Amino acid sequence: MSPTSPYDQAMRTALAQAELARAQGDVPVGAVVLAPDGSVLAAGHNDREGSGDPTAHAEIVAIRAAARLLGRWRLTGCTLVVTLEPCTMCAGAIGLARLDKVVYGAVDPKAGAAGSLWDVLRDRRLNHRPEVIRGVLAQECGALLKDFFEPHR
């Protein structure tokens with residue numbers, strides 16, 4: 001990825017969401033859904049600890065908020081920007097929501113499903129395959145996660 005990306009501003013918004021997750025004791029992952037015009041439609045952060053919901057990943061929270069706002073489940077034309085590569089659950093939700101594009105920061109070699117461990121988002125057997133852009137503000141996104149997990153190691 002080039003030093004600057006058209007998604008830097010949106011990723012900074014997702015990083016601010018990730019900080020909210022960290023402040024609540026959750027893994028610092030944040031996400032935003034961009035409308036077709038590039039404006040922020042919805043945002044979310046990991047909320048598994050606060051909600052007690054194992055599916056409350058940042059991507060799911062943001063996708064649900066965008067769908068509620070639009071009043072429909074199809075998010076065609078929208079882009080998901082997330083600080084960490086989506087897992088298989090989130091990759092499934094991304095496909096089902098028909099998002100056109102996924103932009104992520106840090107690679108997740110242990111659970112990533114957008115090109116590192118698995119490539120669910122671009123699996124030719126599925127009927128929807130969004131464009132995937134990786135590495136936007138990757139160092140900042142990765143540093144936030146590293147700092148969070150450092151005391152646990």
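How many residues does helix 5 have, and how far does helix 5 reach from its first C-alpha to its last? Helix 5 runs over residues 138-149, has 12 residues and reaches 17 Å between those two C-alpha atoms. That is close to the 16 Å expected at 1.5 Å a residue. Please keep in mind as you look around that this is a predicted model.

Which residues of helix 5 are buried? They are Cys-141, Leu-144, Leu-145 and Phe-148. Because these residues cover an arc of only 90 degrees around the axis, they sit on the same side of helix 5.

What covers the buried residues of helix 5? The cover includes helix 1, which spans residues 8-23. It also includes two strands, strand 3 (79-84) and strand 4 (101-106).

One joins the side chains of Glu-140 and Arg-12, with a distance of 2.8 Å from N to O. This pair links distant parts of the chain, since Glu-140 belongs to helix 5 and Arg-12 to helix 1, 128 residues apart. Are these two partners buried, partly exposed or exposed? Glu-140 has 37% relative accessibility, so it counts as partly exposed. Arg-12, at 43%, counts as partly exposed too.

Next, find Asp-26 and Arg-48, whose side chains meet in a salt bridge at 4.0 Å, N to O. This pair also links distant parts of the chain: Asp-26 lies in the loop between helix 1 and strand 1 (30-34), while Arg-48 lies in helix 2 (residues 48-51), 22 residues apart. Look at the surroundings of each partner in turn. Asp-26 has a relative accessible area of 2%, which means that Asp-26 is buried, because buried stands for under 20%. Arg-48 has 30% relative accessibility and therefore counts as partly exposed.

Our last stop is the salt bridge between Asp-123 and Arg-125, where the closest N and O atoms are 2.5 Å apart. Is Arg-125 buried or exposed? With 74% relative accessibility, Arg-125 counts as exposed, because that word stands for over 50%.

Note on methods
Residues numbered from 1 in each chain as written. Predicted model: local features only at pLDDT ≥ 70, side-chain atom pairs only at ≥ 80, totals over all residues. Heavy atoms only, no water. Helix = DSSP H or I, 4+ residues; strand = E, 2+ residues; numbered from the N terminus. Expected span 1.5 Å × (residues − 1). Buried < 20%, exposed > 50% of the residue type's maximum accessible area, 1.4 Å probe, protein only. Arc of directions from axis to C-beta. Contact = heavy atoms within 4.5 Å.
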